[in-house]
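Trainee: Could you take me slowly through one part of this model and show me how that part sits in the whole chain?

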Amino acid sequence: MIELAAMFAVAGAASNAAGTAFQRKAASASRRGGLRLLGELVRRPAWVLGMAGVIGAAVCQSLALVNGPLALVQPLFILELPFALLIAGPLMHRRLPRWGWWGVGGVVAGLAVLLAAAAPHGATDQAGMERWIPALSLCLGAMAAMVLLAGRGRPATRRAALLAAASATGNALTAALLKSATGTFADQGFAAFLRSWQTYGFALAGAAAVLLLENALQAGPLAASQPALTIGDAVVSLALGIFLFDERVRTGWWLLPSVCGAVLIVAGVVVLSQAVQRIRER
């Protein structure tokens, strides 16, 4: 089932990257705003394809979380960043600087090393309220604190990083709630899924994460927000998977290659974040 979860997670990352790329292509061709923009976009095939990609990503993520540990699934969504560059470049007629591909290689290689060394395994779908209450308290408290620290008047780079870290925490919490809700659906059916508080929890947490992400992208440079967003999601997801769902990772000497993989990912994301700002027209 681990292999199946990994396959769905990679497919979800690719689907979300494609969906985002097609949506941006559709939106970039319009100068309208608000509801008029939405009314125009729904008639464009590129936007419809983009929405299909986003929906497909959500389905793939749900299937991945049902079949495997959160500590495996969420880190694999880091691949959305290189997938997005591979898809959006030809689609938007843009070219990534050659040195930017070193970032792509660093992310992919680092993720492979990290997951091979950590080997996340063992998971349940549910957790008792004695675990959910402290997990929710810590995540929501950390998000609120980061938003307060990122108040207006702070340096742009600091604001972007803090808001992105808050969004990453929200993404990880959303994934944990989604895992629990989809587990309920798989075990007990649709009626139980609708009665589960986690179903409404992941909708609210997801909306908050999206709102924080938009503010992070507006607050400062991508080079500040993207590393915090990418790494924060993986780290918080790992912690939630271990605490809530009894997931396990290898320790001992395996920590050394795990750290090396994490360093490669961070370096790759930093390089990509800087390269994206230097994309040229073909």
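Mentor: Let us begin with the whole chain of this predicted model, which, read along the sequence, follows the pattern α-α-α-α-α-β-α-α-α-α-α-α-α-β, that is, 12 helices and 2 strands. The chain has 282 residues, and 45% of them count as buried. Among its contacts with a separation of 6 or more, 84% are between residues 24 or more positions apart. The accessible surface comes to about 14,000 Å², and carbon and sulfur atoms account for 69% of that area.

Now look closely at helix α10, which runs over residues 197-219 and so has 23 residues by the run that defines it. From its first C-alpha to its last, helix α10 reaches 33 Å, close to the 33 Å expected at 1.5 Å a residue. Its buried residues are Q198, T199, G201, A205, G206, A209, L212, A216 and A219. When you read such a list, keep in mind that an α-helix has 3.6 residues a turn, so residues three or four places apart point the same way.

F190 counts as exposed because its relative accessible area is 51%, and the cut-off for exposed is over 50%.

Note on methods: Residues numbered from 1 in each chain as written. Predicted model: local features only at pLDDT ≥ 70, side-chain atom pairs only at ≥ 80, totals over all residues. Heavy atoms only, no water. Helix = DSSP H or I, 4+ residues; strand = E, 2+ residues; numbered from the N terminus. Buried < 20%, exposed > 50% of the residue type's maximum accessible area, 1.4 Å probe, protein only. Contact = heavy atoms within 4.5 Å. Areas by Shrake-Rupley, 256 points an atom, 1.4 Å probe, with all protein chains shown as cover. Expected span 1.5 Å × (residues − 1).
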